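Please keep the sequence and the 3D view at hand while reading the points below.

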Amino acid sequence: MLINAVPQRQGAVGPRAAELPDGCVALSELAGHVLGRPVHHVRQTRAVSEVDRGIASRAVLTGPNRAAQLAALEAPGGPVLTIGGDCGVELVPIGVARFRHGPELGVAWFDAHPDLNTASSSPSGAFHGMVLRSLFGEGDPEFAADPALAPGKVALAGTRAFDPEERAAVARGLAVTSVDALAGVEKLYVHVDLDVLDPAEFAGQNYPEPDGWTIARLVSELDALARFEVVGAGITECVGTPREVEVLEPVVAAVGRLLVSDKAG
């Protein structure tokens, strides 16, 4: 297993976005300790750029940040755990997984938000709210994945804050709302945005939403994915301090169990 720390913050525009790089470092250090693996720090600039065609920091996101991530995934030699940074860091590893594993790749998307907006529907212009839509090959062509995830191969879990366009995308079958509804999935990527948790469980969330899960619930739901061959995973949107992230040790351990199972390759 390879652990890539990707301290990108430009996909987010909220009041705590500038804390994402430090949160990424804190969480990746915890992951390295819990999983007993070295951490590869993928260089990401902290500079931001202007809103362009409805996407904040477009030039940075499509330039040096993306190039560094692609280079880090050229020859991973096994499953990769990506520690973000904002959810936009998932564009590259999930896109690479789809290329390598084919159209039957599925994604379990643990996130308070479905991230199914486009530049035209996003209320903020923040790319982290568009990344899953981009992985379906839709929206802005500079971000749209090719090959794309197949409709119905993504399961939303713990998702509770939808914009109208995101509800419409689910209604037309882009994503399902239960892992049990995934059909024909042979290999799975697991995305965990920490805002799937209730803010009372973990304070270091970049974009908290009320009525989230407990840590115990998240661990249970992750353990239930052991029936799949999990080929990659990401944990994103951490703005916690090294002391705050300690409560996430069970979550990191659960993700690690999926990545080092006998099925993972």
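This is a predicted model: local features need pLDDT of at least 70, side-chain atom pairs count only at pLDDT 80 or more; totals for chains, interfaces and linings use all residues.

A residue counts as buried when its relative accessible area is under 20%. By that cut-off C238 is buried, because its relative accessible area is 0%.

**Cysteines**

- A disulfide is a covalent bond between the sulfur atoms of two cysteines.
- A search of the whole structure finds zero disulfides.
- For C238, the closest cysteine sulfur belongs to C24 and lies 8.2 Å away, which is too far for a bond because a disulfide requires sulfur atoms within 2.5 Å.
- The sulfur of C87 is likewise too far for a bond, since its closest cysteine sulfur, in C238, is 12 Å away.
- C87 counts as buried because its relative accessibility is 1%.

**Residue H113**

- H113 lies in the loop between β4 (105-110) and α5 (131-135).
- With a relative accessibility of 13%, H113 counts as buried.
- Apart from neighbours within four places in sequence, H113 is in contact with T159, A161, D195, Y207 and E209.
- With one of these, E209, the side chain of H113 forms a polar contact of 2.7 Å.
- H113 and D195 are separated by 82 residues in sequence, while their C-alpha atoms are 8.2 Å apart in space.

**Residue S57**

- S57 is placed in the loop between β2 (39-41) and α2 (58-62).
- The relative accessible area of S57 is 3%, so S57 is buried.
- When residues up to four places away in sequence are not counted, S57 touches Q10, V48, S49, E50 and V51.

**Helix α8**

- In helix α8 (residues 249-259), the buried residues are V251, V252, A254, V255, G256, L258 and L259.
- The elements covering these buried residues of α8 include the helices α1 (20-35) and α7 (215-223), together with the strands β3 (80-84), β7 (187-193) and β8 (229-236).

**The largest cavity**

- Rolling a probe the size of a water molecule over the atoms shows where empty space is left.
- The count comes to one cavity of 30 Å³ or more.
- The largest cavity has a volume of about 80 Å³.
- Its lining is formed by Q8, L61, N65, R66, Q69, G88, L91, V92, F127 and F143.
- Two or more lining residues come from each of α3 (64-72) and α4 (91-101).
- The largest share of the lining, three residues, is supplied by α3.
- By class, the lining has five nonpolar, four polar and one charged residues.

Terms used
Residues are numbered from 1 along each chain as its sequence is written. Side-chain values use heavy atoms; hydrogens and water are left out. Helices (H or I, at least four residues) and strands (E, at least two) are DSSP runs, numbered from the N terminus. Buried means under 20% relative accessible area, exposed over 50%, partly exposed in between (1.4 Å probe, protein chains only). Contact means heavy atoms within 4.5 Å. A polar contact is a pair of N or O atoms within 3.5 Å; within protein, one must be able to donate a hydrogen and the other to accept it, and residues adjacent in sequence count only if both atoms are side-chain atoms. On a 1 Å grid over the protein atoms alone, a cavity is a set of points where a 1.4 Å probe fits but cannot get out, and a pocket is an open set with protein on both sides within 12 Å along at least five of seven lines; lining residues have an atom within 4 Å of a point. Grid points are joined across faces, edges and corners, and a volume is the space filled by probe spheres set on the points. Ala, Val, Leu, Ile, Met, Phe, Trp, Tyr, Cys and Pro count as nonpolar, Asp, Glu, Lys and Arg as charged, and the others, Gly among them, as polar.
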